[in-house]
Amino acid sequence: LAEQGSLTSLRGWNLDRMPKPLMEWDGTQPFCPIQGLPPLVEQAMRAHTPLRIRYTGSDGKTTVRVVQPRKVTLHSQATFLVGFCQLRQEERAFRLDRIVEMRVETIIV
């Protein structure tokens, strides 16, 4: 998660070792308890559609990624979007305040 911009050094941490969130939301509950969640994140969570994000890591590099949202977690230091990242082919956590642009990805059937 260090590459994804946490305020504390989490180098080498995986999602299973993240501290327990203060709050989390997976889109199945009718009300999202996390205040200030961007509407596109809530829309993608409810519709189970991927998001295309432009993300700036703690190193200052910006990458474009397609993420299938799984949940949003609120920790004491930040709010994270957790989902399957197509670029890395694994579940990753992205700080919402480091997402500089996002849009719901169009799914072609």
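A residue is called buried when its relative accessible area is under 20%, exposed when that area is over 50%, and partly exposed in between, as computed with a 1.4 Å probe on protein chains only. The structure described here is a predicted model, in which local features need a pLDDT of at least 70 and side-chain atom pairs count only at pLDDT 80 or more, while totals for chains, interfaces and linings use all residues. Residues are numbered from 1 along each chain as its sequence is written, and side-chain values use heavy atoms, with hydrogens and water left out.

The confidence of the predictor in each residue is given by the pLDDT, on a scale from 0 to 100. The chain has a mean pLDDT of 83, and 80% of its residues reach 70 or more. Helices (H or I, at least four residues) and strands (E, at least two) are DSSP runs numbered from the N terminus, and among these elements the lowest mean pLDDT, 90, belongs to strand S1 (residues 23-25), whereas the highest, 97, belongs to S2. Over residues 1-13 the pLDDT is below 50, although this stretch has 30 contacts in the model beyond near neighbours in sequence, a contact being defined by heavy atoms within 4.5 Å.

Thr 79 lies in strand S4 and, with a relative accessibility of 18%, counts as buried. When residues up to four places away in sequence are not counted, Thr 79 touches Ile 34, Val 72, Thr 73, Leu 74, Phe 94, Arg 95 and Leu 96.

Phe 94 also takes part in an aromatic pair. Rings of Phe, Tyr and Trp (for Trp, the six-membered ring) pair if their centres lie within 6.5 Å, and planes under 30 degrees apart count as stacked, over 60 as edge-to-face and the rest as tilted. By this rule the count comes to 1 aromatic pair. The ring centres of Tyr 55 and Phe 94 are 5.1 Å apart and their planes stand at 80°, so the pair is edge-to-face. Distant parts of the chain are linked in this way, since Tyr 55 belongs to strand S2 (residues 51-56) and Phe 94 to strand S5 (residues 90-95), 39 residues apart. Tyr 55 is buried at a relative accessible area of 2%, and Phe 94 is buried at 0%.

Two loop residues deserve a separate description. His 48, placed in the loop between helix H1 (39-47) and S2, has a phi near 55°, a positive value in a residue other than glycine, and is exposed, with a relative accessible area of 54%. Gln 89, found in the loop between strand S4 (79-85) and S5, likewise has a positive phi, near 55°, without being glycine, and counts as exposed at 54% relative accessibility.
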